[in-house]
Amino acid sequence: MRRNLLSLITRTVFNPNFVFQRYSSNANQFVNVKVIDRDQKPIDAKAKVGSNMLDVILDNKIDIDGFGACEGTLACSTCHVILDSENYKTLPEPVEEENDMLDLAFGLTPTSRLACQIIVEPRMKDWVFVVPKDVNDQR
């Protein structure tokens, strides 16, 4: 058990593409998610397994002004989304850089994350991602 855990940690820490490799066999798999935009409008989106939620929003041409301004480089908090607490608990812990950017986000909640850091998995079918009404772009 310990060897498997160490192997997983090593692959994850030293291979940033590990998550992509993990889901590469599902390269053409999609799940349906819902995005609630700044106007509280629910929008259905197809999310490709292995991509991040920022790309899902962009690929589905969901027009949210200023969303993802840094293009997923962890240099802003414009892709701030809020999840329900049950789904939030199942995500990996945010890295320090994400927490630093979340500290700058407008309307921060205990279940806030940056969409660029959420990797789509098959279990995310029908998840809801709420975009806060306002944005704080500290770039």
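This report describes strands, side-chain contacts and cysteines in a predicted model.

## Basis of the model

The structure is a predicted model, in which local features need pLDDT of at least 70 and side-chain atom pairs count only at pLDDT 80 or more, while totals for chains, interfaces and linings use all residues. Residues are numbered from 1 along each chain as its sequence is written, and side-chain values use heavy atoms, with hydrogens and water left out.

## Strands and the hairpin

Helices (H or I, at least four residues) and strands (E, at least two) are DSSP runs, numbered from the N terminus. Two strands pair if DSSP finds at least two bridges between them. Strand S1 covers residues 30-36 and strand S2 covers residues 42-48; the two pair in the antiparallel sense over seven bridges. Within this pairing, Asn32 stands opposite Lys46 in S2. S1 and S2 form a hairpin with five residues between them, and Gln40 in the turn has a positive phi of about 65°.

S1 also pairs with strand S5 (residues 128-130): three bridges join them, and the two run parallel. Here Lys34 has Val128 of S5 as its bridge partner. In a regular strand the side chains alternate between the two faces of the sheet.

Asp39 lies in the loop between S1 and S2. Because its relative accessible area is 64%, Asp39 is exposed. Asp39 and Lys133 are 94 residues apart along the chain, yet their C-alpha atoms are separated by 6.7 Å.

Asp103 lies in another loop, between helix H5 (96-102) and strand S4 (112-114). Its relative accessible area of 58% makes Asp103 exposed. Asp103 and Ser77 are 26 residues apart in sequence, and their C-alpha atoms are 8.5 Å apart in space.

## Salt bridges and a polar contact

A salt bridge is a side-chain nitrogen of Lys or Arg within 4 Å of a carboxyl oxygen of Asp or Glu. The count by this rule is five salt bridges. One of them joins Lys89 and Glu86, at 3.3 Å from N to O. Both residues lie in helix H4 (residues 85-90), three residues apart, which is about one turn of the helix. Lys89 and Glu86 are both exposed. Another salt bridge links Asp126 and Lys125, with the closest N and O atoms 3.2 Å apart. Asp126 is exposed because its relative accessible area is 51%, and Lys125 is exposed at 52%.

The salt bridge between Glu121 and Arg123 has an N to O distance of 2.9 Å. Glu121 has 12% relative accessibility, so this residue counts as buried. Arg123 has 37%, so this one counts as partly exposed. Glu98 is a further charged residue to look at, and lies in helix H5. At 1% relative accessibility, Glu98 counts as buried. Its side chain makes a polar contact with the side chain of Arg113, at 2.8 Å. A polar contact is a pair of N or O atoms within 3.5 Å; within protein, one must be able to donate a hydrogen and the other to accept it, and residues adjacent in sequence count only if both atoms are side-chain atoms.

## Aromatic rings

Rings of Phe, Tyr and Trp (its six-membered ring) pair if their centres lie within 6.5 Å; planes under 30 degrees apart count as stacked, over 60 as edge-to-face and the rest as tilted. The count by this rule is one aromatic pair. Trp127 and Phe129 form this pair, which is tilted, with 6.2 Å from centre to centre and 40° between the planes. Trp127 counts as buried because its relative accessibility is 6%, and Phe129 counts as buried at 0%.

## Cysteines

A disulfide is a pair of cysteine sulfur atoms within 2.5 Å. The structure holds zero disulfides. For Cys76, the nearest cysteine sulfur is that of Cys70, 3.4 Å away. Cys76 has 4% relative accessibility and so counts as buried. For Cys116, the nearest cysteine sulfur is that of Cys79, 3.7 Å away. Cys116 is also buried, with a relative accessible area of 6%.

Conventions:
Buried means under 20% relative accessible area, exposed over 50%, partly exposed in between (1.4 Å probe, protein chains only).
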